[in-house]
Amino acid sequence: MDSKIIHATCMRAAITVIATGVAIIEQERNRNYIPREPRINAIAQREFYMDNILNRGDRHCIEQIRMKPVVLYNLCDILTSHDLLGSTQNVSIREQVIVFLQIISQNQRFHFISGIYYRSVETIHRYFRIVLKAVLKLYKYLIKDLGDTVPAEIMNNQRFYPYFKV
């Protein structure tokens, strides 16, 4: 009789395990899954933010990046024409320059800007340094060396000449 009791107990345990497994499988089948999608379209949001800066008027643009949109486009053209800056697969020249100008004009932190543009802090930092190096290389095209000559209006003026002695 002991073997019948042991056999019946084992059968009950097996039936309980099987019933529990079937119940779990049914529960998983009937579960409503929420599809994993991005909450926002980061590319569209970036474009919208940059267009918002550039197209809301000159005054708003000057408040955000300290220059008019025309000047921004000219700066981008100059940087491109001298091969100092180029678009990458993920970041356009316009975005690189706008991010750079926002950081330096408003003393924004990389972390804050990364949140606005949906980019990592490392990406913002990398492109900030790239644009900074490109802007610094513009000195070759913008600053002309006059040599050792001092203009007459500076040399004859006691107020300025001590600072420009050669």
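Me: Which residues are buried in α5?

Reply: This is a predicted model, in which local features need pLDDT of at least 70 and side-chain atom pairs count only at pLDDT 80 or more, while totals for chains, interfaces and linings use all residues. Residues are numbered from 1 along each chain as its sequence is written, and side-chain values use heavy atoms, with hydrogens and water left out. Buried means under 20% relative accessible area, exposed over 50% and partly exposed in between (1.4 Å probe, protein chains only). In α5, the buried residues are Ile 93, Arg 94, Glu 95, Gln 96, Val 97, Ile 98, Val 99, Phe 100, Leu 101, Gln 102, Ile 103 and Ser 105, so that 12 of its 14 residues are buried.

Me: What do the buried residues of α5 pack against?

Reply: Contact means heavy atoms within 4.5 Å, and the buried residues of α5 pack against α2 (42-55), α3 (58-65), α4 (69-81), α6 (110-117) and α7 (121-136).

Me: Where is Arg 119 found, and is Arg 119 buried or exposed?

Reply: Arg 119 is found in the loop between α6 and α7, and it is buried, with a relative accessible area of 16%. A polar contact is a pair of N or O atoms within 3.5 Å; within protein, one must be able to donate a hydrogen and the other to accept it, and residues adjacent in sequence count only if both atoms are side-chain atoms. Such a contact, of 3.0 Å, joins the side chains of Arg 119 and Glu 95.

Me: Is Leu 142 buried or exposed?

Reply: Leu 142, which has its place in helix α8 (residues 139-142), is exposed, with a relative accessible area of 61%.

Terms used. Helix = DSSP H or I, 4+ residues; strand = E, 2+ residues; numbered from the N terminus.
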